[in-house]
Amino acid sequence: MSSSTSQKVRVAVAGASGYAGGELLRLIAAHPYLDLTVTTSEKSAGSRVSSIFPHLAGIVDLTFEALAPEALPDRADVMLLALPHTKSFDAVATCLKAGKQVVDLSADYRLREAASYPAWYQATHPYPDLLRQAVYGLPELHRAAIQRTKLVASPGCYPTAGILQFAPLAAERLIDLRSIVIDAKSGVSGAGRSPALPYHFPEAHESLEPYKIGQHRHIPEIEQELGLLAQRGTASSGPVTVTFTPHLVPMNRGILSTGYAKLTRDLDQAALRDLYATFYKGERFVRLQEGDKAANPRHVRGSNFCDLSVHLDRRTGSVVTVAALDNLVKGAAGQAIQALNIMLGYPEETGLLSAGLFP
Ligand SMILES: NC(=O)C1=CN([C@@H]2O[C@H](COP(=O)(O)OP(=O)(O)OC[C@H]3O[C@@H](n4cnc5c(N)ncnc54)[C@H](OP(=O)(O)O)[C@@H]3O)[C@@H](O)[C@H]2O)C=CC1
Ligand SMILES: CC(=O)N[C@@H](CCC(=O)OP(=O)(O)O)C(=O)O
């Protein structure tokens, strides 16, 4: 592999003016084998990237373009799509038809069943056949399939935390799979750059607000992936159900996800920790906390790490798991680049190994 410009892979980012798009631009600029050639935005077409993202001045020297998906394949080898939900349905189909590799950051190709989309996204999936090609882009669970596919559906931010924090327990069926409760908190950037009133500074600051209780569209994503893990090697695990309550917290970025479940076997703290250490052995972007320390979003801000901790609540026979990640990095752009590295055959951590910002 070489980092010379002539051998770089040309990358287009659609939806580049949003928060996830901007984070993709930042990470691509630091990547030795990727060359950003196209940045799309309708509203900011004609503006310099640095005028919309001043932190990228001197780093990204491009202008936003209002390009239809049909125009992307001529200008790049791979496509990263950071468009709103339902806006990627057609864009993905167009890029695949042109023979390109795609990583889609929206939810449009995350759910295996087309029948789930009307209920959770108020949309009929127009390409159920393409759903069967899509690989859920969580490298820690689907690395081999990501390597082979042309379409990665990059996970949502909350599901990345919720799935990673329960995966070892679900895979070994050590918990009651219908007792999972996830109480998660997200920074405001999770809602994108043009959010509704509750996300504006005077409404979100000094506040803590639960929302979409029991109805959030990330529920089927978490249940799908934990269910697949629980079914591995058994026909009789039954469905996974998750009670999920997201909260908006007055941080710019970061997710803290605290999960609870009833243990089905008598395990001590050391056995729980061993289970997680074994499951995530060799995973570069999952960090298991030492001792009884809980994961904390302060330590992952700006980085691609997901920090995890697992705690026994002996008195109630429950396990408490904690996950912390940056919603815009491991929860979005970093994870997308991690998957792209795998698709392209680069070392998975290429361009992603910087530490978070502290304090
Ligand atoms: N924010 C986060 O933490 C995470 C986001 N994601 C996903 O990434 C995607 C982008 O999210 P985010 O960056 O937060 O959102 P933003 O609202 O910040 O950005 C949306 C982007 O899409 C473009 N866009 C908006 N409407 C349309 C449309 N109708 N057709 C084409 N382009 C449009 C915007 O361009 P324009 O300048 O023209 O308005 C902008 O570039 C979403 O699918 C989201 O689910 C995934 C994980 C985490
Ligand atoms: C704080 C906030 O509003 N967060 C968003 C989730 C953002 C995200 O990662 O999810 P998607 O990629 O599926 O959009 C929400 O609750 O809808």
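Helices (H or I, at least four residues) and strands (E, at least two) are DSSP runs, numbered from the N terminus; axes are lines fitted to C-alpha atoms, for helices over the stretch in contact (C-beta atoms, placed from the backbone, within 7 Å), with angles from 0 to 180 degrees between N-to-C directions.

I noted that this is a predicted model, in which local features need pLDDT of at least 70 and side-chain atom pairs count only at pLDDT 80 or more, while totals for chains, interfaces and linings use all residues. Residues are numbered from 1 along each chain as its sequence is written, and chains are lettered from A and ligands numbered from 1 in the order in which they are written.

I then traced the open sheet, where seven strands follow the order 8-9-7-10-13-12-11 with mixed pairing (a pair needs at least two DSSP bridges). Strand 8 (209-210) and strand 11 (286-288) stand at the edges with a single partner strand each, so one side of each has no neighbour in the sheet. Strand 10 (residues 255-262) and strand 13 (residues 318-325) run antiparallel and are joined by eight bridges, and serine 257 stands opposite alanine 323 in strand 13.

Last, I looked up ligand 1: of the 29 residues around this ligand (C-beta atom, placed from the backbone, within 6 Å), Gly15, Gly18, Ser106, Gly192 and Arg193 come nearest. Domain 1 (5-133) and domain 2 (158-327), with bounds from an automatic or database domain assignment, both give residues to this shell, so ligand 1 lies between them.
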